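Let's take a friendly walk through this structure, looking at a few charged pairs and then at one helix.

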Amino acid sequence: AEYMGFQLIGKSENMNQIVVEDCKEGPKIITSPIPKPGIREVLLRLECSPLTHLDKILGRMAFFKPPYTLGGQASGVIVEIGTEVPKEALNKKAQIYNNFMKLPNGTWKGTWTQYIVKPFEDVYIYDQAIPHEVACRIYNNPMAALGIERKILAENPKSIIITPGAASISKMLVNLLKSKGVEVICLVRNEDGIKVLKEMGHELAFNTSDAKFDEAITEIIKTHSPTVFVDAVANELSTKVFNLMPSKSVHIIFGGLGGKDALAVPVFPIVMTDKVVKGYSWSVEDFNKSKEEILKELSIVNNDLAHGGKLFGGPIVKEYKMTDFQKAIDEQPSYASKGAGIIWFTKQQQLFIETF
């Protein structure tokens with residue numbers, strides 16, 4: 001059977017999806033009919049999706065009403081179009097992204113599926129020379145990095161601290177801010193993070209697990225006077241670091257990786273030193289942006305990736321077949337500081353690599 005010039009999987013009109021039907025049981029692969037697009041919609045054959053720490057959370061916690069498909073963003077090919085979609089969109093490579101704030105009634109139409117229907121206005125057709133495994137990461141982290149960069153530059157700092165310093169967004173911020181003349185002090189959890197940053201040519205990195213960390217961070221804050229602390233961990237260590245920073249410093253929190261070891265806001269020191277704690281969410285910012293603003297920032301990321309990805313690129317260290325999705329979810333945290341993991345949906349027979 002042929003479907004808009006592409007051979008259907010298994011020579012049928014069905015597709016595979018990674019779906020959560022019961023949060024206690026976790027995700028599983030199910031077979032569903034390939035959907036048909038409406039008049040202003042497109043059908044994409046999805047190729048791959050990047051792995052994130054959220055995949056494990058979404059697979060086991062009831063943020064959305066089951067059943068729902070896992071995955072937040074993906075790259076694929078437009079294989080069928082509605083009657084009111086421009087004909088030139090057909091057969092174009094494109095990227096899709098889900099913002100949970102834009103989804104009605106707590107639903108989640110994830111991207112870990114071989115085919116998906118989307119409104120054409122929600123599909124981004126990127127530079128066709130960019131490979132799928134790079135393009136699938138165009139939206140989430142790069143757009144968040146641009147948003148955090150704006151927050152940072154609004155404070156006009158000469159030096160900042162960021163943690164976890166070897167995370168994907170953090171490495172993008174190191175690249176972006178270095179080009180703006182802002183010094184970045186990175187805090188990482190282990191020596192692997194130090195090594196990754198040094199390979200990028202970044203020397204201002206400190207291991208929070210080191211026995212001499214307290215002494216080192218006290219000295220570096222005293223000598224470099226960072227005035228912005230960008231933090232995706234938000235735990236007791238964050239409180240300690242922020243207390244050491246100069247008066248009028250700003251603490252920008254964009255994640256809670258510290259979990260139950262939550263941030264304790266030191267009210268008296270903040271009040272007496274005129275410090276400020278702020279929050280940042282790329283989901284909220286994206287929800288409030290106009291289409292024109294989103295496309296403008298996507299074009300910045302697209303242009304960078306099309307020319308080597310010096311700002312927003314990064315290595316792929318692990319690739320998985322769709323059938324190995326649980327292994328992919330479980331292993332992702334172990335190499336997150338080294339680079340990206342990719343799960344493929346339609347290239348089931350290709351040779352998958354391990355480079356670490």
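K36 counts as exposed, because its relative accessibility is 55%, where exposed means over 50% relative accessible area, buried under 20% and partly exposed in between (1.4 Å probe, protein chains only). E80, at 13% relative accessibility, counts as buried. These two residues form a salt bridge, with their closest N and O atoms 3.2 Å apart; the term stands for a side-chain nitrogen of Lys or Arg within 4 Å of a carboxyl oxygen of Asp or Glu. Helices (H or I, at least four residues) and strands (E, at least two) are DSSP runs, numbered from the N terminus.

Before going on, please keep in mind that this is a predicted model, in which local features need pLDDT of at least 70 and side-chain atom pairs count only at pLDDT 80 or more, while totals for chains, interfaces and linings use all residues. Residues are numbered from 1 along each chain as its sequence is written, and side-chain values use heavy atoms, leaving out hydrogens and water.

How many salt bridges does a search of the whole structure find? There are 14. One of them joins E331 and K318, whose closest N and O atoms are 2.5 Å apart. E331 lies in helix α11 (residues 325-335) and K318 in strand β17 (residues 316-320), so the pair ties together parts 13 residues apart in sequence. E331 is partly exposed at 22% relative accessibility, whereas K318, with a relative accessible area of 4%, is buried. Elsewhere, R150, E285, K289 and E297 are linked in a network of salt bridges.

Now turn to helix α5 (residues 191-199), whose buried residues are G193, I194, V196 and L197. They lie on the same side of α5 because they cover an arc of only 165° around the axis, taken from the directions from the helix axis to the C-beta atoms. The buried residues of α5 pack against α4 (168-178), β12 (183-188) and β13 (205-207), contact here meaning heavy atoms within 4.5 Å. On the face turned away from the buried side, you will find the exposed residues K195 and E199.

Finally, look at the surroundings of this helix. N190 caps the N-terminal end of α5, with a side-chain oxygen 3.1 Å from the backbone nitrogen of D192. Just after α5, G201 takes a positive phi of about 90°.

How values were computed: A polar contact is a pair of N or O atoms within 3.5 Å; within protein, one must be able to donate a hydrogen and the other to accept it, and residues adjacent in sequence count only if both atoms are side-chain atoms.
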